[in-house]
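Please read each point beside the model.

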Amino acid sequence: MRRVYFDHSATTPVHPLVAEEVYRFMTEHNYGNPSSLHYFGQIARKALDESREKVAKAIGAKSEEIIFTSGGTESDNMAIHGAALTNIKRGNHVITSAVEHHAALNAVKALAKQGFSVTVLPVDQYGMVNVDDVEKAITDKTILISIMHANNEVGTIMPIAEIGKVVKDRGIIFHVDAVQSLGKIPVNVDDLGIDLLTVSGHKIYGPKGIGALYVRKGTRWRPTLFHGGAQERLRRAGTENVPGIVGLGKAAELAMENMEAENKRLLTLRDKLIGEVTKRFSHVRLTGHPTIRLPNHASFVFEYIEGESVLLSLDMKGIAASTGSACASGSLEPSHVLLSMGIPHEIAHGSIRLTLGAGNTEEDVDYFLEAMGPIVERFRSMSPLSEEIDYNKNIKDPGNLQSYC
Ligand SMILES: Cc1ncc(COP(=O)(O)O)c(C=O)c1O
């Protein structure tokens with residue numbers, strides 16, 4: 001059966017050159033502990049240093065500002081808790097947005113339970129945070145602002161550079177989750193005014209379970225999650241995952257090399273997908289911003305349809321898609337992102353996310369479009385809801401979205 005992988009926001013296949021590097025550090029160089037002073041340790045140490053440089057280069061940072069972690073979730077928690085607890089004497093107010101990944105949102109919620117005051121900013125119908133709202137939310141107690149660069153569920157790219165300008169010179173720490181944006185759009189910590197930045201390996205064709213946190217030199221931040229050894233210059237205790245780190249470094253290097261050409265290619269496929277889906281099917285709307293979105297990201301809500309049922313049918317045709325966040329699957333609750341955008345509960349259940357990547361071709365898009373026709377028709381004809389619900393109610397102005405065609 002033909003297999004089409006349209007779930008690159010959930011995870012990406014490991015690039016063969018990355019796999020080669022990881023394998024090398026699990027075989028020939030496998031036993032060196034980078035903290036050991038002998039020959040074996042020093043090979044591992046050198047590999048860590050080189051990877052640190054590659055990751056730093058990908059985001060315009062200095063290598064000593066990179067801390068290796070176990071992935072995006074750890075980096076988000078480390079950034080948010082570290083910044084909040086380090087600055088508690090200066091203030092107790094934290095700002096975030098309603099559409100953050102749960103790794104950040106739940107980290108901020110945990111702070112609220114510890115007595116921090118939290119502002120969760122709303123988003124517009126495209127899932128975009130308003131820069132004025134950020135400015136208005138700042139008080140003299142604000143110590144941390146955490147906003148993602150690009151949304152994993154709807155692909156919208158946030159106005160990070162503008163927020164960076166608002167935050168600048170106010171003594172507030174600015175954390176950005178760049179898990180979905182790195183390798184797809186330019187991420188430069190100086191241009192964007194970022195103090196802390198989260199990176200994850202498995203979204204950029206690297207291994208799972210490896211990531212990094214960028215901490216700008218001079219930022220009032222200290223590690224608060226782990227207590228242990230002196231690894232990562234006392235910033236992240238625990239023996240380093242050398243093969244994973246080597247893989248992350250290689251993945252970051254390749255992502256920078258390939259970004260421009262690959263994204264041009266994916267943009268064409270994405271636009272065909274969005275154009276055809278909104279043209280061929282009725283009662284479907286694009287979710288997220290029509291243009292300020294990731295070049296590989298197409299996401300929709302189909303009315304009168306359960307996203308999960310569509311996914312299973314697509315899977316039977318060999319097509320791997322998602323209803324939104326992989327982390328939220330298995331939950332009956334519709335996505336917090338879609339609800340925050342004003343999409344009603346019933347419609348949010350019909351969400352489908354198609355995220356393109358390295359292996360995808362135009363034939364994949366055509367194959368999907370052909371497969372999707374009968375699936376939509378079947379589920380719509382079975383839906384008892386199709387004649388009962390006024391689906392326009394509660395929807396925020398859809399603006400110039402190609403909706404309800
Ligand atoms: C925006 C965002 N942040 C954080 C994470 C968590 O990263 P990890 O899977 O490496 O823990 C993800 C993963 O889906 C994500 O999309």
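1. Ser 200 touches Gly 72, Val 179, Ile 210, Gly 211 and Leu 248, leaving aside residues up to four places away in sequence; contact means heavy atoms within 4.5 Å. Ser 200 belongs to strand 7 (residues 196-200), strands being DSSP runs (E) of at least two residues and helices runs (H or I) of at least four, numbered from the N terminus. Ser 200 is buried, with a relative accessible area of 4%; buried means under 20%, exposed over 50% and partly exposed in between (1.4 Å probe, protein chains only).

2. This is a predicted model, in which local features need pLDDT of at least 70 and side-chain atom pairs pLDDT 80 or more, while totals for chains, interfaces and linings use all residues. Residues are numbered from 1 along each chain as its sequence is written, and side-chain values use heavy atoms, without hydrogens and water.

3. The ligand is surrounded by 13 residues, each with a heavy atom within 4 Å of it. The closest are Thr 73, Asp 177, Gln 180, Ser 200 and Lys 203. Helix 3 (residues 72-86) supplies the largest share of this shell, three residues.

4. Thr 73 lies in helix 3 and is partly exposed, with a relative accessible area of 47%. An N or O atom in the side chain of Thr 73 is 2.6 Å from an oxygen atom of the ligand. For the side chain of Gln 180, the corresponding distance from an N or O atom to a ligand oxygen atom is 2.8 Å.

How values were computed:
A polar contact is a pair of N or O atoms within 3.5 Å; within protein, one must be able to donate a hydrogen and the other to accept it, and residues adjacent in sequence count only if both atoms are side-chain atoms.
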